Amino acid sequence: MPFVRWLKHHLVVIAGLFTLGYLLLPNVVVTVFSFNKPKGRFNYEWQQFSTEAWRDPCGVADMCGSLSLSLQIAFWATVGATALGTMIAFALVRYRFRARGAVNSLIFLPMAMPEVVMAASLLTLFLNMGAQLGFWTILIAHIMFCLSFVVTAVKARVMSMDPRLEQAAQDLYAGPVQTFLRVTLPIAAPGIAAGALLAFALSFDDFIITNFNAGSTVTFPMFVWGSAQRGTPVQINVIGTAMFLVAVLFVLAGMVVGNRRNRQKA
Amino acid sequence: MTSLADAPPPLAPPAAEKPPRSPKARKRGRLVPYWLLLPGLLWLVVFFALPMIYQASTSVQTGSLEEGFKVTWHFQTYWNALSDYWPQFLRSVLYAGAATLLCLLLGYPLAYLIAFRAGRWRNVVLILVIAPFFTSFLIRTLAWKTILADGGPVVGTLNSLHVLDVTNWLGMTAGDRVLATPLAVVCGLTYNFLPFMILPLYTSLERIDGRLHEAAGDLYAKPFTTFRKVTFPLSMPGVVSGTLLTFIPASGDYVNADLLGSTDTRMVGNVIQTQFLRILDYPTAAALSFILMAAILIMVTLYIRKSGTEDLV
């Protein structure tokens, strides 16, 4: 039975590709349905091909406003979490100090906590303080939960760095600032970039924690959530498709640049 | 260039040891890690640890929104929460457990494929695993409504393969539908947390030296034996962190149960959300999230002990 033998030989590949299909199927559906012209308020059934939504992506009330709010929050959350997280990562890898274990656990805990628990407890704090829920409470929450992920990403990179490179720089009479800017930072940069990218994606996509702490402010995920109850405009699929395409292009561009740089070095 | 001019004359012999620093400088140096840690840790203490304490105090309060809440050490709330909502707790554990198992079964072949079989396609496949992350997960979860629609191709295929007969018997589906049943919720959970399983698995698989596989083959191990005795044990760190990264968020999730399920598929997350944001019964919501947190911490600790990979984090 050559077919059975072929199947046995390629079992891993077939199963793996099946999983990949499972992962990408919703994206395909989102893309296809961005060209739909639904009859009712809900865009769940295929009716008719149309490029209407693509020609007028901001045609839905409040959607693009929520999108730009989400982008702003994600930007500042990334800046905040990356700055704070990089400092913590350096302290943890480069220095031995008391309470290092305790600090490590405090960093780990937010990642090991269901989001709904963090969201609810943060809301109790804000309610007790009488804080006005909105942009600032969302930003505070996002920096809080992105922080640990940035620390983990930067830590991994700094740990694999050779400390002798910095010693060499100092032997060549570079000052501490110069060593940091010209040796340490460039080597740590990929880790910091990975952490920042992760923070951006996590903040931009967060629903559960934002849902608790946003008050009446509406971010893009909250807009999508609301529209799932009221009726989903096709434009949501357009934004979803565009985001996927931008992400893929972004990564491809990064790979091309990386390859070229490697070739130059070789 | 100015820095070169500022530098001391290069005539001095390179010091084998670092020159002794003044006590003041040494003291300053010792404080560096604390200054680096301070802002970030302050953030986590104020906005992560302190809220937990507030929540602990809220869970033993009684009162109402109009009259205000007071700490009365009313531990009864915990008991009431458990006896009222144990089905939701049980469901959370069952659904999250099923989703984690499915993630492992589905994710392992793909992680293996990327690590050993993809060749020059490796980066492309990795991108395809990560890229969906950037499309809002809510949009993608809503797409499952279309995919699993009643009478759609997926449900039709499952029906003709008699899969639905099995899941009906298991109580995972009801009749000819998938949407609004436990199966749909588990399917959504599996889908949403699959990348969190694949990436750690891939990282630990990638570290395995390919020559170990050759060695196993040279010793007449069949491919499956090689997998069972070499590859899988070496990928354990990935399995453990992958299962934790899927189980923990899945057990607290309420989005999938809300969008793809029905009132019969509500999980703890749904209850906490409703109590907190709609009914405004803060003590019950706080008690529920504390029980969830405690249960997860206990399960995770036991699991990490048992799997013997305590140096994971």
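Student: What do the side chains of A:Asp162 and A:Arg164 meet in?
Tutor: They meet in a salt bridge, at 3.0 Å from N to O. The term stands for a side-chain nitrogen of Lys or Arg within 4 Å of a carboxyl oxygen of Asp or Glu. Side chains of opposite charge can pair when their charged atoms come close.

Student: Where do these numbers come from?
Tutor: This is a predicted model, in which local features need pLDDT of at least 70, side-chain atom pairs count only at pLDDT 80 or more, and totals for chains, interfaces and linings use all residues. Residues are numbered from 1 along each chain as its sequence is written, chains are lettered from A and ligands numbered from 1 in the order in which they are written, and side-chain values use heavy atoms, with hydrogens and water left out.

Student: Back to the pair. Is A:Arg164 buried or exposed?
Tutor: A:Arg164 is exposed, at 57% relative accessibility. A:Asp162 is partly exposed, at 29%. Buried means under 20% relative accessible area, exposed over 50%, and partly exposed in between (1.4 Å probe, protein chains only).

Student: How many salt bridges are there over all chains?
Tutor: A search of the whole structure finds 6. One of them joins A:Glu166 and A:Arg94, at 2.6 Å from N to O. A:Glu166 lies in helix H8 (residues 163-171) and A:Arg94 in helix H4 (residues 63-94), both of chain A, so this pair ties together parts that are 72 residues apart in sequence.

Student: And is A:Glu166 buried or exposed?
Tutor: A:Glu166 is buried, with a relative accessible area of 11%. A:Arg94 is partly exposed, at 28%.

Student: What about chain B? Which residue does B:Arg211 meet in a salt bridge?
Tutor: B:Arg211 meets B:Asp209, at 2.7 Å from N to O. B:Arg211 is exposed at 58%, while B:Asp209 is partly exposed at 33%.

Student: New topic. How many helices and strands does chain A have?
Tutor: Chain A has 12 helices and 0 strands. Both are DSSP runs numbered from the N terminus: helices are H or I with at least four residues, strands E with at least two.

Student: What is the radius of gyration of chain A?
Tutor: The radius is 23 Å, well over the 18 Å that the globule rule gives for 266 residues, so chain A is more spread out than a compact globule. The radius is taken over C-alpha atoms, and the rule is 2.2 Å times the number of residues to the power 0.38.

Student: How much of chain A is buried?
Tutor: Buried residues make up 48% of the 266 residues.
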